[in-house]
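Visitor: I would like to learn how to read contacts and charge pairs in a model such as this one. Could we go through them in turn?

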Amino acid sequence: MIQANLCLPSSPATTPPPLVILLTGLDGYRTELGIWQPGFSAQGIATLVLEIPGTGDSPCTAQSAPDAVDRFWDSVADWIGEQHSRGTIDKSRVVLWGFSTGGFYALRAAHTHPALFKAVVSLGGGCDRMFAADWLANADKREYPFDLCGALAAKFGYDPSGTDPAGRQRFVDEAYSKYSLVADGTLDKPCCERVLLVNGELDEIFPIEDLWMALQHGRAKEARVVKGRKHMGEPESFGVVLRWIWGVLELEGDPMVLLGGLAREVKY
């Protein structure tokens with residue numbers, strides 16, 4: 001069973017709404033990204049928040065094989081087809097937006113399930129060097145406020161307890177050959193029609209070089225680098241992504257309304 005947060009438009013429409021799938025990152029959960037859902041709903045857009053393998057309630061556990069996520073997307077595709085037949089969602093207008101590590105999975109899904117998505121956004125996601133041994137070995141000295149290499153090792157099933165140095169070292173040694181989308185040929189497969197890559201110029205979690213690498217492989221993609229910003233290019237990157245989604249889905253209105261509503265939802 002796939003646990004997910006589904007939010008349908010607040011007002012009935014004459015045609016089935018588009019669907020934006022929000023894919024969480026390494027330390028993000030459905031409850032976190034759920035803050036986006038009321039704003040999309042008010043604009044007539046359905047949203048589905050999913051968690052990446054090895055986190056939250058994802059049925060793909062940390063110990064799952066790399067291709068387990070492909071079966072995950074098979075199930076999501078079946079569900080979308082059922083919703084389309086009921087008139088709940090327009091399966092021809094599905095956009096996948098992955099945040100951070102979710103961006104890695106989004107870019108992968110764009111190539112493994114190209115017919116499922118009208119467009120895919122990888123925000124701050126890596127694809128290749130993020131798994132390089134020299135990058136991982138020094139990951140804890142950079143932007144992430146915690147033990148990034150250890151957190152990734154746990155997420156990918158090498159050190160679930162967070163107490164096994166040998167497991168963490170195996171992750172450093174094996175991650176590239178096992179997960180790089182360049183090494184396994186994924187980026188050279190056919191992909192969905194539109195792919196947007198966005199990241200901060202100074203990202204210290206997943207290197208900006210991975211954005212360039214993704215542009216050099218497979219189908220031509222679109223990209224935006226946010227100058228002077230670190231991981232994910234926040235906050236300017238959110239506006240970049242929303243405007244692009246609005247264009248892809250040919251929506252009316254101002255997508256920046258979502259950001260205003262998002263700010264009001266945050267309580268301190």
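Visitor: Which residues does Val20 touch, not counting residues up to four places away in sequence?

Guide: Please keep in mind throughout that this is a predicted model. With sequence neighbours up to four places away set aside, Val20 touches Phe40, Ile45, Ala46, Thr47, Leu48, Val95, Ile245 and Leu249. The residue itself has its place in strand β2, which spans residues 19-23.

Visitor: Is Val20 buried or exposed?

Guide: Val20 counts as buried, because its relative accessibility is 0%, and the cut-off for that label is under 20% relative accessible area. For a sense of distance, the C-alpha atoms of Val20 and Asp57 are separated by 20 Å, the two residues being 37 apart along the chain.

Visitor: Turning to charges, what is the general idea, and how many salt bridges does the count come to?

Guide: In general, side chains of opposite charge can pair when their charged atoms come close. Here the count comes to 12 salt bridges, where the rule asks for a side-chain nitrogen of Lys or Arg within 4 Å of a carboxyl oxygen of Asp or Glu. One of them joins Arg71 to Asp67, with 3.8 Å between the closest N and O atoms. Arg71 is partly exposed at 49% relative accessibility, and Asp67 is likewise described as partly exposed, at 37%.

Visitor: Which parts does the pair of Arg194 and Glu222 tie together?

Guide: The closest N and O atoms of Arg194 and Glu222 are 2.6 Å apart, and the two form a salt bridge. Because Arg194 lies in strand β6 (residues 194-200) and Glu222 in strand β7 (residues 222-226), this pair ties together parts that are 28 residues apart in sequence. Arg194 counts as partly exposed, with 29% relative accessibility, and Glu222 is also labelled partly exposed, with a relative accessible area of 28%.

Visitor: Where in the chain do Lys230 and Glu204 lie?

Guide: Their side chains meet in a salt bridge, at 3.6 Å from N to O. This pair links distant parts of the chain, since Lys230 is in the loop between β7 and α9 (236-249) while Glu204 is in the loop between β6 and α8 (209-215), 26 residues apart. Lys230 is partly exposed at 39% relative accessibility, and Glu204 is partly exposed at 25%.

Key. Residues are numbered from 1 along each chain as its sequence is written. This is a predicted model: local features need pLDDT of at least 70, side-chain atom pairs count only at pLDDT 80 or more; totals for chains, interfaces and linings use all residues. Side-chain values use heavy atoms; hydrogens and water are left out. Buried means under 20% relative accessible area, exposed over 50%, partly exposed in between (1.4 Å probe, protein chains only). Helices (H or I, at least four residues) and strands (E, at least two) are DSSP runs, numbered from the N terminus. Contact means heavy atoms within 4.5 Å.
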